[in-house]
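Colleague: I would like to go through this model with you, starting with charged pairs.

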Amino acid sequence: MSSTESESSKMGAGLAGIASFGVAALPRIIFGPGSFDRLAAELANLGTRVLVVTGGQSFTGTERWARLQGQLQAAGVAWVQVSIAGEPSPEQVDEVVSHYGDYGIDMVLGIGGGSALDAAKAIAGLLPVQHSVMEYLEGVGPELPYRGPSLPLVAVPTTAGTGSEMTKNAVLTRHGVGGFKKSFRDEKLLPRIALVDPDLLHSCPPQVLLANAMDAFTQLLEAYVSTRASAFTDALAQSGIQAFAASFDPGAATPVKDYSQLAYAAMLSGICLAQAGLGSVHGMASPLGAYFPIPHGVACGTLLAMATAMNIAALRERMPQSPALAKYAQVAGWLGAEEDSIEAGSDALVGLLDSWIEESELPRLSVFGMTEADLPRVIAGSGGNSMKTNPLVLSDHEIRQVLLARL
């Protein structure tokens with residue numbers, strides 16, 4: 001056992017047992033290479049008419065789309081298809097819901113990245129009730145309780161990033177002045193089935209895959225050190241981080257070493273965020289995505305090292321007994337760093353994350369038009385749900401330092 005492991009073990013040695021925790025509902029999970037060919041049969045069990053929600057062109061431009069259409073026809077399932085390019089807006093969701101309200105849709109299939117899956121989630125929830133999503137978005141509008149019912153949703157990710165297939169959240173974005181990035185969130189929106197086929201990642205553009213992989217790792221790390229972490233989520237986060245380490249090398253000519261490990265890590269990141277919450281990176285990424293045209297994975301990836309460094313520095317100063325410090329050191333060990341103390345381990349983690357950002361060539365915030373003059377409104381918007389489960393409350397000054405470092 002290393003010294004880092006010994007120190008962290010001592011921190012938990014006084015515990016009488018496993019602390020109480022709860023587990024929110026999860027979809028039925030179908031995981032594995034080749035599982036995509038089960039999709040048509042699964043849909044046929046849910047109805048005879050499906051609305052297929054995809055991203056831009058990445059999936060519909062592949063042979064799998066043609067193959068799925070043939071399989072749906074053979075299974076007796078009729079379909080209509082809509083594309084959601086970029087992050088979905090409330091207006092896009094409302095337009096689809098209004099247009100397809102009289103089509104007799106039995107179920108919704110979301111295929112794509114997190115944006116397509118989030119859009120599919122909201123559309124499935126609203127098609128039966130024909131209400132505007134603005135009635136339910138958190139933090140904007142009347143925030144009416146969602147009564148349902150939602151149509152059955154099958155979620156099929158084609159990137160390894162957000163883990164949206166595992167959550168009840170549909171994140172919608174309105175860009176620009178007065179913009180927002182808010183969730184339509186309810187247990188009824190949870191996908192009925194999450195089908196995760198690692199083979200689908202092969203068609204994902206490399207830079208998109210890299211950014212989304214960084215988002216998945218961020219979710220695993222933030223859930224692991226979250227104030228709502230439990231023995232259940234810790235075990236999943238460890239498994240996901242170790243799978244990520246086995247699958248990802250941003251400095252290599254071929255960054256993804258094992259697509260099945262990466263898909264597994266991303267899937268677990270979605271479970272962990274749904275059960276334990278996130279942290280400061282996602283707290284800042286939310287207003288950044290609302291005010292600037294910055295993809296979510298890029299926002300998380302570019303902030304990750306500096307935000308982690310700030311958390312560690314603030315914990316050492318204000319909460320030196322926090323278990324999060326030992327957890328940061330444990331993560332460094334799972335990623336291959338050999339350090340002999342908690343302090344050295346957490347410092348090694350920051351150094352490793354910083355090297356990932358450089359090797360992945362993740363852009364700075366200024367590339368998307370952000371300037372120092374924008375800092376006050378981004379800081380003001382950083383106090384959402386994700387920030388509430390950070391290991392400690394960061395001051396506005398500390399958040400400013402993180403953002404300044406990545407301008």
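Colleague: How many salt bridges does the structure hold?

Modeller: A salt bridge is a side-chain nitrogen of Lys or Arg within 4 Å of a carboxyl oxygen of Asp or Glu. The structure holds 15 salt bridges. This is a predicted model, in which local features need pLDDT of at least 70, side-chain atom pairs count only at pLDDT 80 or more, and totals for chains, interfaces and linings use all residues. Residues are numbered from 1 along each chain as its sequence is written, and side-chain values use heavy atoms, with hydrogens and water left out.

Colleague: Which parts does the salt bridge of Glu138 and Arg185 tie together?

Modeller: The two side chains meet at 2.7 Å, N to O. Glu138 is in the loop between α5 (114-126) and β5 (153-157) and Arg185 is in strand β7 (residues 180-185), so the pair links parts 47 residues apart in sequence. Helices (H or I, at least four residues) and strands (E, at least two) are DSSP runs, numbered from the N terminus.

Colleague: Is Asp186 buried or exposed?

Modeller: Buried means under 20% relative accessible area, exposed over 50%, and partly exposed in between (1.4 Å probe, protein chains only). Asp186 has 17%, so Asp186 is buried. Its salt-bridge partner is Lys188, with the closest N and O atoms 3.4 Å apart; Lys188, at 39%, counts as partly exposed.

Colleague: Where do Glu372 and Arg400 lie?

Modeller: Their side chains form a salt bridge (3.1 Å, N to O). Glu372 lies in the loop between α12 and α13 (375-380) and Arg400 in helix α14 (residues 396-405), so parts 28 residues apart in sequence are tied together.
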